[in-house]
Amino acid sequence: MEIPKQLRYTKEHEWARIDEDGTALIGVTEYAVEELGDVVFLELPEVGDEVSQGATFGTVESVKAVAELYAPLTGEVTERNEDLLEAPETLNEGPYEEGWLIRISIDNADEVDELMSADEYQAYLETLD
Amino acid sequence: MSDSLRTVLYDRHVALGARMVPFAGWEMPVQYTGVKAEHTAVRTTCGLFDVSHMGTVLLQGGRATEALERLTPWPMSKLKPGRARYTVMLNEAGGTVDDLIVYRRGNEDWFVIWNAANHQKNLDWTAPILTEYGVTLEDLTSDTALIALQGPDWHSVWEQALPGAAFPDKRFTFTEHDGMLIARTGYTGEDGVEIWCPNARAIELWDRLIDAGATPCGLGARDSLRIEAGLPLYGHELSDEIGPIEGGVGFVVHKDHHGYIGEMALQRDPRRCLAGVRMTGRGVPREGYPVLTPDGETIGAVTSGSYSPILDTGIGLALVDRKKSGYDGTSQAVAVEIRGRSFDAELVVPPLHKN
């Protein structure tokens, strides 16, 4: 299972990539995608919407199930992956690349410390099985 | 999962990369590559399912046929040997104990398949009747594998895998040879066969059918296929509380058959009926989601939901109030409430993929 080192993680299986311009790219992990199976629909917030750390910001729906998306960080949505909304199955193919969900401006950099490192997330996954 | 039962094909599933999940006390493959690809394979080419977990029993001797006529709302004495019938067992309140398929092998010789989740319940339910009619029940579930070959290409795959082997030539008939029972039945809405064989023969049969081009399919695709085909699943469209007429399988009740358990209480003109649901836009209906009129009045609830790779839309089955919905078997606009928001949908007559 791929868990990129440079990303930070939540217990709800979202990842955040903290960029130097004070924004974060947000997506879901390979573990989440494998649990869900074939993704068929996504609901994402609009650009300009606020998301809050730990609160839901959308849903991802697979053939078999629907899962809430939880924001890893608080901030304003500056971008969302319109290509992914058109072709949700892309999420199954590359959850860390073309399957990114939204970009937000980070309101509070301290929140980043509350996220797990790749090693911590790996250890967390091992507790789930 | 350590307490779960495993079918004889377990190692094959793991080797094929299946995700195994607990289901009705068994550890079963939910998917191999993905539900969409497997579902599409069954509709366009041919899929292979291990459904060995299903409860399989032989009812033999005594007055076995009469016992089935007590247990089901159908005159089983009229069924010819070599033919199969989909039926239900009713409880005293007219609800459904289980749905099942009976295969008549001889005068007092019946092969019966029912739901894994209800296996013990059914054994308990039938025991007093079988005793009364002097019938012997042999439980074959653990010793027998059941492999379903389903889809438009099933026959060419069969011929390639088992050249010259006899197969049943009509729907709902079966044939037996070489210790196998091969029935022209299934649970996908496609043509195909279901093959019972002793566990010792199952791996070779499975491998031959895979080598001949059948796509291995898990319980995920089995569920989305049966929803698309409008076939009920016990616990969703049928239950101890939901009888066969409201559950959409009223054809199992024969109007001239009498004396069966549940006859008096059977709801012949039930308040609710089963309808197919097709989303006209986004969203996937899931069990329990309310079904509304376009004006927002609740008329029922989704009993099963999925996504149809064939229609590229959310689909489901729903129990709706006949009066409030005015559902008359023609398409009509409704809405499904999905997580607090209303999404446009239609009530349609299954099978949904042919509509």
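Is Cys197(B) buried or exposed? Cys197(B) is buried, at 2% relative accessible area (buried is under 20%, exposed over 50%, partly exposed in between, with a 1.4 Å probe and protein chains only). This is a predicted model, in which local features need pLDDT of at least 70 and side-chain atom pairs count only at pLDDT 80 or more, while totals for chains, interfaces and linings use all residues. Residues are numbered from 1 along each chain as its sequence is written, chains are lettered from A and ligands numbered from 1 in the order in which they are written, and side-chain values use heavy atoms, with hydrogens and water left out.

**Interface between chains A and B**

- Chain A gives 18 residues to the contact and chain B gives 20 residues (contact means heavy atoms within 4.5 Å).
- About 1500 Å² is buried between the two chains, and carbon and sulfur atoms give 45% of it (buried area is the accessible area, 1.4 Å probe, that two parts lose on being put together, summed over both).
- On the chain A side, Phe41(A), Val63(A) and Lys64(A) lose the most area to chain B, together 39% of what that side buries.
- Between chain A and chain B there are 14 residue pairs in polar contact, both residues at pLDDT 80 or more (a pair of N or O atoms within 3.5 Å; within protein, one must be able to donate a hydrogen and the other to accept it, and residues adjacent in sequence count only if both atoms are side-chain atoms).
- Helix 1 (30-36), strand 4 (39-43), strand 6 (56-62) and strand 7 (66-70) of chain A each give two or more residues to the side that touches chain B (helices, H or I with at least four residues, and strands, E with at least two, are DSSP runs numbered from the N terminus).
- Strand 4 of chain A gives the largest share of that side, five residues.

**Salt bridges**

- The whole structure has 29 salt bridges over all chains (a side-chain nitrogen of Lys or Arg within 4 Å of a carboxyl oxygen of Asp or Glu).
- Five salt bridges run between chain A and chain B.
- One of them pairs Glu61(A) with Arg286(B), at 3.0 Å, N to O.
- Within chain B, Arg322(B) bridges to Asp269(B) at 2.9 Å, N to O.
- Arg322(B) lies in helix 8 (residues 322-325) and Asp269(B) in the loop between helix 7 (219-229) and strand 15 (272-279), so this pair ties together parts that are 53 residues apart in sequence.
- Arg322(B) is partly exposed at 34% relative accessibility, whereas Asp269(B) is exposed at 60%.
- Arg271(B) and Asp321(B) meet in a salt bridge at 3.2 Å, N to O.
- Arg271(B) is exposed at 57% relative accessibility, but Asp321(B) is buried at 10%.

**Cysteines**

- There are zero disulfides over all chains (a disulfide is a pair of cysteine sulfur atoms within 2.5 Å).

**Backbone exceptions**

- Most residues other than glycine have a negative phi, and most peptide bonds are trans.
- The peptide bond from Pro350(B) to Pro351(B) is cis, with omega near 5 degrees.
- His13(A) has a positive phi, near 75 degrees, and is buried at 12% relative accessible area.
- Asp312(B) has a positive phi of about 55 degrees and is exposed at 54% relative accessible area.
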